[in-house]
Structure formats: structure tokens, C-alpha cells
Amino acid sequence: MAPSSSSSEELMLVNREPTGVAFVTINRPKQLNSLTRTMMVDLARAFKSLDADDSVRVIVLTGSGRAFCSGVDLTAAEEVFKGDVKDVDTDPVAQMERCRKPIIGAIGGFAVTAGFEIALACDMLVAVKGTKFIDTHARFGIFPSWGLSQKLSRVIGPNKAREVSLTAMPLTAEQAERLGFVNHVVEGSELLKKAREVAEAIIKNNQDLVLRYKSVINDGLKLDLGHALALEKERAHNYYDGMTKEQFKKMQEFIAGRSSKKPSPKL
């Protein structure tokens, strides 16, 4: 990773690989990747840019050094918290939620408060053994605004979410995996390797369907089950109604070709 620097460009690294995987790295390790207002804007713009880039299929978000992200830099708290929170173009979590591409969080060390909320905005998570997710909103008198009060309970259940948030006690990677929040727990040396492995498994699939599938899952989570099932049915009908005979033929040929091959190894 590049060393920490006062340059905002170097505090948020974006690396597009020819494979279709893009890596975004929060790069302020001496401050445990705490976020300044400028860094938040840069992170939002990075996701907006990657979403618009057709060469990018999957995005991996990580942090350099000992932490994924230790939250907002409280030495600049007033600038951050009194900023234009309604401006979605400069809101990193809003841009992550709007991003059509799958986002894999590669989490090591600590994900604290705002860092916890950024992790919640990822579509799936790989975490290093012993990683701690910590919500300090209640401890420091900071009102959540990036979704932690609403999202966490929907992932790990309301009782556990209340305990995590009201006590400010850490949720470990191992606990988070058992609760369905973290997908994979790995050794530190395997973090980016595992994230890349998951990304490459996604890239092997139909790109259009990957984007549509992520969208219907995430949009359905905002609805009750009955309306979510209706949404799936509606989008399925729209998808198939828009296909030509040639597209159906290609789909059948693709399925026939894949079924003749050995199945891919499990992740």
C-alpha cells in the first residue's frame, strides 16, 4: 500500500485491474484510516466513477494498515457533521447504496462507527480473524446518519443490534460470521486473496443478470415479503418480455455448454 500523505488523492487509492476487479483503499494508516470531510467526498466520487465504468465488474473496498476505518476524524467533527448531509453526490454511503456493481468489503483490524456503517453498505464481507466492529455513537454522543441504527438490526436481529449499539461493545468477526453479517473469516495474509476469489467467482457469471440480481435483492429488502415477491415477479416478466428469440437461443446454448463442464469448486 502507498504510504500516508497529506494529499487527498493518496488518502483514497483506486486501482482498476484488467480482470474487471477494482480495489478502493482507504489509505490513512497512521490515523487508523479515520475520515476527513475531503476523504468522504473522495470516497463517494470513487464509487460513483466506478459504477459508471463499464470495465469494472466488482469493487473491493479495504483499508491500509491496522484498521479498515476507525470512523470520522473527530478533530474535524464540526466540518463533517454540519456538512451538506443531503448531498448524495458527496455521501459515500449513499453512493455505495446506489452503486450497481457488487461491493466486497475486505475488513481488517477495526471498523468503528462510520467505518462500521461503511462495512454495512457493502454487499458482502470478508474479515480477518479477530476484527472488531464497534458502534460508539452512544458513547460519544454522535447521532447515526449512515444507517447503523436501521441496518444492523435487519442483519443480526434487533436484540443483538441493541446490545452492540447501546453498550458499544465490540462485535468480533467470528460472531459476525455466525450471525450472517460476515461471509468469510480468514487469516490476515489471506484477506485480499479471498476477496479477489469471491470477486472472480462473480465475474464468471452473466454481468447483466448479476446487476439485476443485486438490484432486486437490495430493493426487495426494503419491502415486506409479499411486496418483495411481487417485485421479483414484475422484474422477471420485464426481463423475459424484453428478450429476443436470438437471446433465448444464446441463453440455451450457454446453459448447454456450462452443463457439460465440471462444476466450479466451492468458495
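The questions and answers below concern a predicted model.

Reader: Is strand β4 largely enclosed or exposed?
Author: Strand β4 covers residues 103–107. Of these 5 residues, 5 are buried.

Reader: What is the bridge partner of I59 in β4?
Author: Strand β3, residues 58–63, runs parallel to β4, and 4 bridges join them. In β4, the partner of I59 is I103.

Reader: How many disulfides does a search of the whole structure find?
Author: A disulfide requires two cysteine sulfur atoms within 2.5 Å. C99 is buried at 3% relative accessibility, and C122 is buried at 10%. The number of disulfides found in the whole structure is 0.

Reader: How many residues apart in sequence are the parts tied together by the pair of F116 and F133?
Author: The whole structure holds 5 aromatic pairs. One of them joins F116 and F133 in a tilted arrangement, 5.6 Å centre to centre with 50° between the planes. F116 lies in helix α5 (residues 114–120) and F133 in strand β7 (residues 132–134), so the pair ties together parts whose separation in sequence is 17 residues.

Reader: Are F116 and F133 buried or exposed?
Author: A residue counts as buried under 20% relative accessible area. Ring pairs link F116 and F133 with F181 into a cluster. Both F116 and F133 are buried.

Reader: Is the aromatic pair of Y239 and Y240 stacked, tilted or edge-to-face?
Author: The ring centres of Y239 and Y240 are 5.2 Å apart, with 70° between the planes. Planes over 60 degrees apart fall into one class. The pair is therefore edge-to-face.

Reader: What is the relative accessible area of Y240?
Author: Y239 is buried, at 19%. Y240, found in helix α12 (residues 225–241), is partly exposed, with a relative accessible area of 43%.

Reader: Which helix gives the largest share of the nonpolar patch?
Author: The patch is made by Y240, M251, F254 and I255 and has an area of about 390 Å². Y240 belongs to helix α12. The largest share, 3 residues, comes from helix α13.

Conventions
Residues are numbered from 1 along each chain as its sequence is written. This is a predicted model: local features need pLDDT of at least 70, side-chain atom pairs count only at pLDDT 80 or more; totals for chains, interfaces and linings use all residues. Side-chain values use heavy atoms; hydrogens and water are left out. Buried means under 20% relative accessible area, exposed over 50%, partly exposed in between (1.4 Å probe, protein chains only). Helices (H or I, at least four residues) and strands (E, at least two) are DSSP runs, numbered from the N terminus. Two strands pair if DSSP finds at least two bridges between them. Patches are made of residues with over 30% relative accessible area and no salt bridge: like charges are joined within 9 Å, nonpolar side chains (Val, Leu, Ile, Met, Phe, Trp, Tyr) within 5 Å. Accessible areas come from the Shrake-Rupley method with a 1.4 Å probe; for residues, only the protein chains shown count as cover. A salt bridge is a side-chain nitrogen of Lys or Arg within 4 Å of a carboxyl oxygen of Asp or Glu. Rings of Phe, Tyr and Trp (its six-membered ring) pair if their centres lie within 6.5 Å; planes under 30 degrees apart count as stacked, over 60 as edge-to-face and the rest as tilted.
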